[in-house]
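Here is a briefing on one protein model.

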Amino acid sequence: MADTHPDLLQRPLPDGTVPAEVVARTEKRWLGVMVAMLVVMMAVVVLTGMTNAIHPPSNVETIDPTTLHLGGEFAESNLGTAQERDGSLTVRLIGGQYGFAPDCTKVAVDTPVKFRLTSTDVIHGFLLPSTNVNTMVVPGFVAEVRTQFTRPGIYRMPCNEFCGPGHHGMWARVSVVPKEQFHSLAPTERSSCVQQ
Ligand code: CUA
């Protein structure tokens with residue numbers, strides 16, 4: 001009888017046991033599914049990077065969070081929107097529990113904008129809905145994101161990293177205005193949405 005075959009491997013499998021060939025075939029299929037998923041995800045990363053400028057934040061630039069207010073790029077007088085020689089805009093913001101400084105800044109539509117942010121305390125997030133802007137704001141580092149707004153309007157920027165009990169109330173705004181209007185604003189008016 002087969003049940004008593006001297007070679008263990010030659011005996012029939014007990015009921016309910018899946019034969020080795022079936023296991024191997026199933027494993028190979030799942031391996032194929034996993035490889036296909038990796039390929040799809042890689043393609044999404046590359047395509048969104050090329051077509052929508054959505055990149056993982058990777059600007060490794062350090063800064064001392066304890067001396068931000070004493071001078072340099074993130075001193076109070078440098079915060080908000082600044083115009084570069086080439087016409088592009090640079091917006092400098094500081095995130096801290098529980099707000100951004102300044103809490104509203106103006107930029108011109110159809111103009112390259114570079115956001116530079118850092119944090120004074122814990123990790124915050126900076127997200128502008130319906131744009132490619134979404135980055136973590138980590139104390140000790142400067143986060144940099146580039147974008148260009150194609151539609152005027154008020155863009156709310158919620159903090160999207162849990163940063164403490166006041167997290168839900170941490171948000172600010174970017175006001176995107178027509179070019180002519182932007183150029184008629186005084187530099188101080190560009191870094192505030194207060195009507196002057
Ligand atoms: Cu700051 Cu959440």
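**Backbone and loops**

Tyr-98 sits in the loop between strand 2 (89–96) and strand 3 (99–101). Strands here are DSSP runs (E, at least two residues), numbered from the N terminus. The model is predicted, so local features need pLDDT of at least 70 and side-chain atom pairs count only at pLDDT 80 or more, while totals for chains, interfaces and linings use all residues. Residues are numbered from 1 along each chain as its sequence is written, and side-chain values use heavy atoms, with hydrogens and water left out.

- The peptide bond from Gln-97 to Tyr-98 is cis, with omega near 0°.
- Ala-101 and Pro-102 are also joined by a cis peptide bond, with omega about -5°.
- Pro-102 belongs to the loop between strand 3 and strand 4 (104–108).
- Asp-110 has a positive phi, near 55°, though the residue is not glycine.
- Asp-110 lies in the loop between strand 4 and strand 5 (112–119).
- Asp-110 is partly exposed, at 40% relative accessible area. Burial classes use a 1.4 Å probe and protein chains only: buried is under 20% relative accessible area, exposed is over 50%, and partly exposed is in between.

- Three strands form an open sheet in the order 4-10-9, with mixed pairing. Two strands pair if DSSP finds at least two bridges between them.
- Strand 4 and strand 9 (153–158) are the edges; each has a single partner strand, so one side of each has no neighbour in the sheet.
- Neighbouring strands of this sheet are turned by 25° against each other on average, direction ignored. The axes are lines fitted to C-alpha atoms, and angles run from 0 to 180 degrees between N-to-C directions.
- Strand 4 pairs with strand 10 (residues 171–177) in the parallel sense, over five bridges.
- Cys-104 has Arg-173 of strand 10 as its bridge partner.
- Strand 6 and strand 7 pair in the antiparallel sense over four bridges.
- Gly-125 stands opposite Met-136 in strand 7.
- The hairpin of strand 6 and strand 7 has six residues between the strands, and Ser-130 takes a positive phi near 60° there.
- Ser-130 lies in the loop between strand 6 (124–127) and strand 7 (134–137). Ser-130 is exposed, at 64% relative accessible area.

**Nonpolar cores**

- The largest nonpolar core has 27 residues; Phe-115, Phe-126, Leu-128, Phe-149 and Val-174 touch the most other members. Such a core is a set of buried Ala, Val, Leu, Ile, Met, Phe, Trp, Tyr and Cys residues joined through side-chain atoms within 4.5 Å.
- Strand 2, strand 4, strand 5, strand 9 and strand 10 each give two or more residues to this core.
- Strand 10 gives the largest share, four residues.
- Beyond four places in sequence, the contacts of Val-174 include Thr-105, Val-107, Leu-128, Ile-154 and Met-157. Contact means heavy atoms within 4.5 Å.
- A second, separate core of five residues includes Leu-68, Phe-74, Leu-79 and Val-142.

**Val-145**

- Val-145 lies in strand 8 (residues 143–148). Val-145 counts as buried, at 11% relative accessibility.
- Not counting residues up to four places away in sequence, Val-145 touches Val-113, Lys-114, Phe-115, Asn-132, Val-133 and Thr-135.
- Val-145 and Leu-70 are 75 residues apart in sequence and 24 Å apart in space, C-alpha to C-alpha.

**Aromatic pairs**

- The count is four aromatic pairs. Rings of Phe, Tyr and Trp (its six-membered ring) pair if their centres lie within 6.5 Å; planes under 30 degrees apart count as stacked, over 60 as edge-to-face and the rest as tilted.
- The rings of Phe-100 and Phe-126 have centres 6.0 Å apart and planes at 65°, so the pair is edge-to-face.
- Phe-100 is in strand 3 and Phe-126 in strand 6, so this pair ties together parts that are 26 residues apart in sequence.
- Phe-100 counts as buried at 6% relative accessibility, and Phe-126 counts as buried at 0%.
- The rings of Phe-115 and Phe-149 have centres 6.4 Å apart and planes at 85°, so they too are edge-to-face.
- Phe-115 in strand 5 and Phe-149 in the loop between strand 8 and strand 9 are 34 residues apart. Both are buried.
- Ring pairs link Phe-100, Phe-115, Phe-126, Phe-149 and Tyr-155 into a cluster.

**Cysteines**

- The disulfide count is zero; a disulfide is a pair of cysteine sulfur atoms within 2.5 Å.
- Cys-159 is buried at 6% relative accessibility. Cys-163 is buried, with a relative accessible area of 6%.
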